[in-house]
Amino acid sequence: LTAEEYAYVSGAWNKVKHSEVDILYAVFKAYPDIQAKFPKFAGKNLDEIKGTSDFALHATRIVTFISEVVTLSQNTANNDAIYNKLELFGTDHHNRGVTKDQLTEFRTALTTYLSKHAPWGDNVAAAWNKAFDNVFEVAFTKF
Ligand code: HEM
């Protein structure tokens, strides 16, 4: 990402990154097939699990992962570290039976969430989409 793109992406992300539970809730609500892949959450009522510590823990793991990738992407010197992290993410999730379609669903749900809760517009959307394209280019090599 360019410095300008990084500023758009991190600016938007910083607005929502403390809404971990809300984000995971929005993802599961839009795409129940994603919830169904989690042994701990499969078949359960989303509104009931939302308040549990398991839910908060997993929401925090996801958000922390994204925050780490965003922070690393500020400096091209970190590209190898990002690459390795995303490759591992791809391998782990592929091994769990997660599909490309589900990762794309996650992207759609998260992007919708940001467009509603963060400063948004054509420039932010373009930078955000470029960042996600980059992420998936690496993660999908494992699928
Ligand atoms: C772990 C499913 C997307 C980040 C897991 C686990 C499952 C899972 C079943 C293991 C949970 C446990 O052991 O308690 C899925 C599905 C996805 C998805 C079905 C479909 C979109 C993502 C995305 C991110 C992410 C997009 C990050 C942005 C993590 C992290 C962990 C994890 C950080 C814990 C570390 C690990 O064990 O790999 N995921 N995941 N997941 N997921 Fe996902």
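**Exercise 1. Sort the residues of the shell around the ligand by class.**

Solution. The shell divides into nine nonpolar, three polar and four charged residues. Here Ala, Val, Leu, Ile, Met, Phe, Trp, Tyr, Cys and Pro count as nonpolar, Asp, Glu, Lys and Arg as charged, and the others, Gly among them, as polar. The model is a predicted one: local features need pLDDT of at least 70, side-chain atom pairs count only at pLDDT 80 or more, and totals for chains, interfaces and linings use all residues. Residues are numbered from 1 along each chain as its sequence is written, and side-chain values use heavy atoms, with hydrogens and water left out.

**Exercise 2. Find which residues come nearest to the ligand, and which helices supply the shell.**

Solution. Next, assign helices (DSSP runs of H or I, at least four residues, numbered from the N terminus). At least two shell residues come from each of α5 (53–72), α6 and α7 (100–117). The largest share, five residues, is from α5.

**Exercise 3. Describe the largest pocket.**

Solution. On a 1 Å grid over the protein atoms alone, a pocket is an open set of points with protein on both sides within 12 Å along at least five of seven lines, and lining residues have an atom within 4 Å of a point. The volume of the largest pocket is about 1,300 Å³. Of its 44 lining residues, Ile 62, Phe 65, Ile 66, Phe 89 and His 93 are the closest to its centre. The lining has 30 nonpolar, seven polar and seven charged residues. The ligand takes up the space of this pocket.

**Exercise 4. State which helix gives the most to the lining of the largest cavity.**

Solution. A cavity is a set of grid points where a 1.4 Å probe fits but cannot get out. The largest one holds about 40 Å³ of space. α5 gives the most to its lining, with four residues.

Key
Near = heavy atom within 4 Å. Sits in = over half its atoms within 2 Å of the grid points. Points joined across faces, edges and corners; volume = space filled by probe spheres on them.
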